[in-house]
Amino acid sequence: MASLKLSVSPEHSSFHESKKLTSASISLKFASSVLFSGCVSTNGALIVKPFCELKHIRVSKLRDEFLDTSDSILDGYSIDNLEKCVDADDNLIVQEQNSNGEFDRARIDIWKTFRGVNKARRSANRNLDIRRNGNKYKKGEKFTTPFERNRVLGGDQTLVDIDLDDVGPDLSSERCNLILEQLEKSNDSKALTFFDWMKANGKLNRNVAAYNSILRVLGRKTDWNGAEIMIKKMISESSCELNYQVFNTLIYACNKSGLVDMGTRWFKIMLDYNVRPNVATFGMLMSLYQKGCHVEEAEYTFSRMRNLKIICQSAYSSMITIYTRTRLYDKAEDVICFLKEDEVVLNKENWLVVLNCYCQQGKLDDAELALRAMKEAGFSPCIVAYNTMITGYGRVSSMDQSERLLENLKETGLVPDETTYRSLIEGWGRIGNYEKAKFYYMELEKFGFKPNSSNLYTLIRLQAKHEDEVGAIRTINDMLMIGCQKSSILGIVLQAYEKADRLIKMSAVLEGPMYDHVLKNQTSCTILVTAYVKSSLIDNAMEVLRKKKWKDRVFEDNLYHLLICSCKDLGHLENAVKIFTCMLKSDKPNMNIFCTMIDVYSKMALFSEAEKLYTELKASDIKLDMIAFSVVIRMYVKSGSLKEACAVLEIMDGEKNIVPDVYLLRDILRIYQRCGMEDKLADLYYKVLRNGEIWDEEMYNCVINCCARALPVDELSRLFDEMLQRGFLPSTITFNVMLHVYGKSRLFEKAKGVFWMAKKRGLIDVISYNTLIAVYGKNKYLKNMSAAVTKMQFDGFSVSLEAYNCMLDAYGKQSEMDKFKSVLQRMKLSNCSSDRYTYNILINIYGEKGWIEEVANVLAELKEYGIGPDLCSYNTLIKAYGIAGMVEDAVALVKEMRENGIEPDRLTYTNLITALRKNDMFLEAVKWSLWMKQMGL
């Protein structure tokens, strides 16, 4: 609770007043058996004022234990008449109620009423002494005063002009202090000058009061270094004894200016000088920390207060409030327990913060006990307590209890205020009861109170949900009448209708000045149009943009780009196209919008539309940037047009200022890999390497995967080791690529090391085993190949078709036909279907052996399954027929290839010419050789 203010109703007789104070001493127990004493005592005695009636007053939070300005020497510092008063004892700070029913801040030091005759006698003696001195001066004695003249500036403030040359050095320290005090209140610079005069004339010895006055000046000027030097001089030069008043003066200045760090620093310096703080010290510090909820500083100060056995009621309140605001409710309840342990006499503020703590947590049972205990302790019910309870019940959606408390409030003679109605509106709104919330909103307006922004949002939210557009228009007008910003109103209304999923009704709610504001204000127009687009209300958005009254082409293009991007991010690609087509056409295309639309069309697989936009961009004078090139390249990659992508890359290379980012670099590497441009890959790799850029994990994986065929094995090995040294984790694909690279280079130990590294990290898959089996098979390590297959099965992987093909090829080429047939039998038993590659291996092996009958069977089986031979199959058959002397059949295969749409390659003609030569048909071989040259093969 930021501010707790309550009214105290007076009793009309001293008897009742005395009785009320006496009843406050009853011990109470509530909320987990925490015991509080409610007696009002000072220095062990009850204070009763029998000779006057109490006025209507309000107790304000953290307004006790402060000093009165009128007594400037009291407790070592003074405060202006609008601030807190600090006293050495426990004071009650009240606020008087004026004739209009409002409360003006005023200080009433109730101790002044009871300080008794001693103070009056001292005051009378002092006045008598002054009169005597005045009479003495009138008789002709020299009156050594620093005043030449007093000039009234207005009100009670007096400016004193001083001529130090006329001041006599025999002036007493007491009179010097009075002069310094008057100067401190009127003119800081003259106060400092007079203080220096006092120092030069020896008036500061053991004069703590003078130092206090000048410290007030330094505090106002925030001259903290000067204040610290002044304190040191008090000890070293003036032999003054430091007390809490000295530091309270500076802490008060920090409190007034909100300087938390400096206030904490002065408190620590105070402790370093072994000066014992008083109640006012802790009251000011805790009040300072409460303003900004500085938990650590407050905890430190509060613990020191308890260690020193000092009871400051406002400090306990501040600590509870800080914990409550920061939602540290367990700690707040610990402080409530400390109230009992430390035997604190609770004032009304203490009760209210305890009540608030429980209500904020939703512990309404404990709050009810606290409210009952508060009443039994002699504190009359106040509107703040009831409002706190009503708000608490509203938070837990228990509005029946809130209504009960409202009736109790009225029965006790209290009148609901604006906080009461605001809390009821929020509570009923929280449970979605529009009728009740509307009723209390009307009550709020009827009594002349103003709703807060939360009330207005609650009402708008309910009106949007209950389809009350007329009520929403009325609420919007209320917002305008109380001075709400139109942009803020638009945001509130939009949020309410978006939550109710009725944004389509916004056009009916926004009318008159609000709609005119939207059409004239660029920001509000953007907010509304963006909300429409997110809800797929494209027609509504376009209507607003057509009617807009502002003209800013650049801003408009940016707005359209924002809307298109929003549709793309939401996956509403058709809406993005619709917005783009509704745009006003311009002579010069907007590169950002066109690039976004190219990406949108690419996602929709409308590559022809995307290419048209790219062509239009190229035809304009606009130079594409790196992002534009990236979008176009990805568009061509998605469409499968790798040649066009390479053409765009050539154009980009011709631009001097285009530096690809890491994402575009990875795209380029993948394109070159898919196109088999190994030279380009190597050039790009070394170019990137020379730039000295730091790579991330994904970049290492991409480079190794794409450049495996373009780079030497030593460079790839160095790159792989560097990746591991930098702590990056290679992907499964990277491990498999390195397995292939090392195996192809016959570096089997390194291959085995990579395999075990991948296995240890759980990155082994079927492809890893296939790669290892293929490496061993191609290099004729048949035992290792067989062991790898066994290990594959042991690790829970089924033998793949690729592994079977590798074994068939390896065993067949090594003429181990028994193992070859065994592998074929295992394939059939495991129901592993053969693919075209399997049949090509069989044709090749049988052809090498000259087993034409088996070749024919394989070919028949191939056609039976509808697979049909491919280029590799035909090349293998031609080779097999040549070995078997079936030259005419080999020549016929070439004709069959063309009929089936398969164009012979260089290997086809090479195998055919070899077959012709092997069968002594040299003339035919020459003819086919000439044909190859004509074909450019």
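**Exercise 1. Determine the handedness of the crossing of helices α18 and α19, then the relative direction of the two helices and the make-up of their contact.**

In this predicted model, the crossing of α18 and α19 is left-handed. The next step is the geometry of the pair: helix α18 spans residues 418-430 and helix α19 spans residues 434-446, and their axes come within 8 Å while crossing at roughly 165°. Angles over 145 degrees count as roughly antiparallel, and α18 and α19 are therefore roughly antiparallel to each other. On the side of α18 the contact is formed by E418, Y421, R422, L424, I425, W428 and G429, and on the side of α19 by K436, A437, Y440, Y441, E443 and L444. Sorting these residues by class gives eight nonpolar, one polar and four charged.

**Exercise 2. Decide whether E426 is buried or exposed, and find which residues E426 touches beyond its neighbours in sequence.**

Leaving aside residues up to four places away in sequence, E426 touches S454, N455 and T458.

**Exercise 3. Carry out the analysis for helices α31 and α32, giving the crossing angle, the handedness and the classes of the contact residues.**

Helix α31 covers residues 626-639 and helix α32 covers residues 642-654, with axes that come within 7 Å and cross at roughly 160°. This angle makes α31 roughly antiparallel to α32, and the crossing of the two helices is left-handed. From α31 the contact draws on F629, V632, I633, Y636 and V637, whereas α32 supplies L642, E644, A645, V648, L649, I651 and M652. By class, this contact holds eleven nonpolar residues, no polar ones and one charged residue.

**Exercise 4. Describe the chain as a whole: how many helices and strands does the chain have, what share of its residues is buried, and what is its accessible surface?**

Counting the secondary structure elements gives 48 helices and eight strands. The chain has 937 residues, of which 47% count as buried. Its accessible surface comes to about 47,100 Å², and carbon and sulfur atoms account for 50% of that area. Finally, among the contacts in the chain with a separation of 6 or more, 62% are between residues 24 or more positions apart.

Technical notes: Residues numbered from 1 in each chain as written. Predicted model: local features only at pLDDT ≥ 70, side-chain atom pairs only at ≥ 80, totals over all residues. Heavy atoms only, no water. Axes fitted to C-alpha atoms, helices over the stretch in contact; angles between N-to-C directions. Helix = DSSP H or I, 4+ residues; strand = E, 2+ residues; numbered from the N terminus. Parallel < 35°, antiparallel > 145°, perpendicular 65-115°, else oblique. Left-handed = near helix turned anticlockwise from the far one by under 90°. Contact = heavy atoms within 4.5 Å. Nonpolar A, V, L, I, M, F, W, Y, C, P; charged D, E, K, R; others polar. Buried < 20%, exposed > 50% of the residue type's maximum accessible area, 1.4 Å probe, protein only. Areas by Shrake-Rupley, 256 points an atom, 1.4 Å probe, with all protein chains shown as cover.
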